[in-house]
Amino acid sequence: MKERRTPTFSRWKVKGSLIKLVYFSTNSDDSSSSNDSLAASNGDRGSPVLEGKLHFAKFETQKINDCIDFIRSKQLRLTGSEQHGASGSAKCVIKATGGGAFKYADLFKEKLGISLDKADEMDCLVAGANFLLKAVHPEAFTYMGGQKEFVKIDHEDLYPYLLVNIGSGVSMIKVDGPGKFERVSGTNVGGGTFWGLGKLLTKCKNFDELLELSHQGNNRVIDMLVGDIYGGMDYTKIGLVSTAIACSFGKAISDNKELEDYKPEDISRSLLRMISNNIGQISYLNALRFGLKRIFFAGFFIRGHAYTMDTIAVAVHFWSKGEAKAMFLKHEGFLGALGSFMSYEKHGFEDLKVHQSVQQSPVGASLGGDKSHDPPNGDLNENQSIDCSVYLSQ
Ligand SMILES: Nc1ncnc2c1ncn2[C@@H]1O[C@H](COP(=O)(O)OP(=O)(O)O)[C@@H](O)[C@H]1O
Ligand SMILES: CC(C)(COP(=O)(O)O)[C@@H](O)C(=O)NCCC(=O)O
């Protein structure tokens, strides 16, 4: 497929984290036609419509030049609406949200001649989540006992829900409808904490290495379990089995060991368990606070990693006594970027309609798809595209 100059947007984050990019390309590979006549046809609503695909890519922020090269090579920018005269401007614009939209505005202007049009981060997260939950199937899934089960979302019964976005920090948002939400809580112990502490404690050089280590580790080497405290017994009266973690990293107090004496994989696993469990617990408490039964977890901390999802799901199940359900999203890390895309509305994009098949893009379609480092159970969702139509304002 030949990709064309298309409406696109991206989300930039500060150093050490990720840049997420979502862009649209038209289906046709007839490079001799102009984009305008080629891509636009009339939808059944009478609006001009572009048939194509949404693509997802991510780049480590430290490799921002790769991202710039990618955007340049694909000639990504807002063109669809310009050509329909909706914006009335020939200015090159891409939508951006998050801290990077401020931090990298000058760089994008200088290197690509592109202006970053900033969109509010919480608005974008919610718009992205609502879009995915309503338009894309399969998208949401539960994870229990190593089993992933996709959930069909009833559009009439979607709201209210709790959205927990685990990025560098964690935001917890009660969503009541399209554009109707409140950020009810958050925690500063999030994905950045796992990566930052993990880096210090294990000397890992990249996030995927740290995640991979956690896969092989044993947290019981460092964590103090209920059984360690009560001579191998459960504390049945308060509902704690002997294998429950009583105190993360607790064994390090009395082990008489130095950091070097612990295996990096055990440290990584304890850390991942500690942070995931804590997020699961705070999320449940907020769900309880507002009587919410469904909690959707997103953000790139998750990375489709089995152990992370299992810990979060077990925490929610345990604390809610099975009343609340943790759900995860296939496009977990792209909510903000997707929400940015939805905000092109003001530039003449009326609607985005998804065709129900999710396709695998050819390998290499995304420079950001650093496949070699993806964790064993992770979804390679940046390599997936979604067939869709973009309706343009008349
Ligand atoms: N390749 C990666 N490099 C750095 N962090 C990663 C990577 N993959 C996943 N992460 C995790 O994702 C977190 C950032 O999540 P993200 O959804 O991108 O949030 P944000 O950019 O809004 O802070 C990091 O703190 C880290 O825990
Ligand atoms: C400030 C943020 C919204 C930024 O989003 P992020 O880049 O972490 O995805 C987030 O880090 C956050 O919600 N932190 C928790 C702050 C708190 O409630 O304590």
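## A helix crossing and the core beside it

Let's start with two helices: α6 (residues 121-135) and α13 (residues 335-342) pack at an angle of about 90°, with their axes 6 Å apart. That makes α6 roughly perpendicular to α13, a label used for angles of 65 to 115 degrees. Axes here are lines fitted to C-alpha atoms over the stretch in contact, and angles run from 0 to 180 degrees between N-to-C directions.

This is a predicted model, where local features need pLDDT of at least 70 and side-chain atom pairs count only at pLDDT 80 or more, while totals for chains, interfaces and linings use all residues. Residues are numbered from 1 along each chain as its sequence is written, with chains lettered from A and ligands numbered from 1 in the order in which they are written.

| Helix | Residues in the contact |
|---|---|
| α6 | Glu121, Asp123, Cys124, Leu125, Val126, Ala127, Gly128, Ala129, Phe131, Leu132 |
| α13 | Leu335, Gly336, Leu338, Gly339, Ser340, Met342 |

Ala129 of α6 also belongs to the largest nonpolar core, which has 92 residues; Ala129, Leu163, Ile295, Phe296 and Phe297 touch the most other members. Such a core is a set of buried Ala, Val, Leu, Ile, Met, Phe, Trp, Tyr and Cys residues joined through C-beta atoms within 7 Å, and buried means 20 or more other C-beta atoms within 10 Å of a residue's own.

Leaving aside residues up to four places away in sequence, Phe296 touches Ala129, Ala140, Tyr161, Leu163, Met327 and Leu329.

Across the protein chain, buried residues make up 47% of the 394 residues.

Notes
Buried ≥ 20, exposed ≤ 12 C-beta atoms within 10 Å, placed from the backbone. Contact = placed C-beta atoms within 7 Å. Helix = DSSP H or I, 4+ residues; strand = E, 2+ residues; numbered from the N terminus. Parallel < 35°, antiparallel > 145°, perpendicular 65-115°, else oblique.
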